[in-house]
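Please open the model in a viewer and keep the sequence panel at hand.

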Amino acid sequence: MYDLLKSLCDIVGPSGFEQDVQRFILNEIKDYVDEYHVDPVGNLIVKKKGNSPDFPSLLIAAHTDEIGFVVKKIEENGLLRFEKVGGFDDRILLSLPVMVRSEYGPIYGVIGTISAHYVKWDDPKRIASHRDLYIDIGAKSAEDAKEMGIKVGQPISYGTEFKRIGKNRVIGKALDDRSGCALLIRLLKELEGNNISHGDIYGAFTVQEEVGLRGASVVSAAVQPDFALALDTTPTSDTFDVLMKGTRVLGNGPCIKIADMSLIAHPLITKHLEKAALEKNIPYQMEVFMGIGTDAGAIHMTNKGVSSGVISIPSRYTHTPIEVVDLEDMENSYKLLHQFVITLDQLKGKTFLDT
């Protein structure tokens, strides 16, 4: 799981610029699925044909995009102005390493900040808007930057290194939601040739989740599933920061979503996830957190409506360049996903009134 996560997270792929991520995923799973296509929006949709009529169809979604930036202007001195793509806290931007996907490959840079020696002349409470900031890529002039392959409109991601910390945790950018992508890739591979009963399974590696669940909003109309499940991360609440309440803890297992700002999860899904966890002694947490949304929020309202839920992978410092995920949580999230899929026949024909 570590190697797959590292490969996924190292790719530059902010919302709207997910092509390299989709190419990597397609190369990973094309030999393990029966059908695949990329829709007009950019979603990679794959199908694993069912082998049992006792199972309903299931759509599993994980978003491929990450928060990032886009080059807005090249200044005469070679510094780059940028615009944000996705949700950021401007307080964290100063002096961060970044990576630009240029015409000639990755270009490394840093978001500039004033030297500490100037602080005594500055307002220490001032929070600089991203529109006042710039990226230094080592260019001496605009012409120098252009010769390096830089153009207006190119995507930028954080430039932090993916690596292990502690005994069983990883740190890096884009774990939201390359973690979910890794789980879905693993499931599609392990269903192949293992004689596991299941219905039609559609995997949707979606785009533009971070800017409004845009890719997911067109997926269900294309595949018309009976049920849907999103795989995503959720911010933990287990540090000593003043707003933390200890309701989602890193290392305590996957979260089964009850509600967020985009979705009140369907009780058929949440109850079946909880049952699956209990039957296999998988540690889990129940999640009520109104500060986020997931692809399930878009999917459940599209087409005729889809009974939807979410498996959430706990993550510290979400939407920063130093997101932290516990690999044991990843393993237990996969176990929960797998158990949910192979027991989905228990939901065939059931509705909201059966809960």
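How do the residues of the lining of the second largest cavity divide into nonpolar, polar and charged? They divide into 6 nonpolar, 3 polar and 1 charged; Ala, Val, Leu, Ile, Met, Phe, Trp, Tyr, Cys and Pro count as nonpolar, Asp, Glu, Lys and Arg as charged, and the others, Gly among them, as polar.

The model is predicted, with local features needing pLDDT of at least 70 and side-chain atom pairs pLDDT 80 or more, while totals for chains, interfaces and linings use all residues. Residues are numbered from 1 along each chain as its sequence is written, and side-chain values use heavy atoms, without hydrogens and water.

**First selection.** Select Phe 55, Pro 56, Ser 57, Leu 58, His 198, Gly 199, Asp 200, Ile 201, Val 341 and Leu 344, which line the second largest cavity. A cavity is a set of points on a 1 Å grid over the protein atoms alone where a 1.4 Å probe fits but cannot get out, and lining residues have an atom within 4 Å of a point. This cavity has a volume of about 30 Å³, a volume being the space filled by probe spheres set on the points, which are joined across faces, edges and corners.

**Second selection.** Turn to the largest cavity, of about 40 Å³. Its lining includes Glu 66, Tyr 158, Lys 173 and His 319, and by class has 3 nonpolar, 2 polar and 5 charged residues.

**Third selection.** Select Leu 263, in the loop between strand S14 (255-259) and helix H6 (267-279); helices (H or I, at least four residues) and strands (E, at least two) are DSSP runs, numbered from the N terminus. Leu 263 counts as buried because its relative accessibility is 3%, where buried means under 20% relative accessible area with a 1.4 Å probe, protein chains only.

How values were computed: On a 1 Å grid over the protein atoms alone, a cavity is a set of points where a 1.4 Å probe fits but cannot get out, and a pocket is an open set with protein on both sides within 12 Å along at least five of seven lines; lining residues have an atom within 4 Å of a point. Buried means under 20% relative accessible area, exposed over 50%, partly exposed in between (1.4 Å probe, protein chains only).
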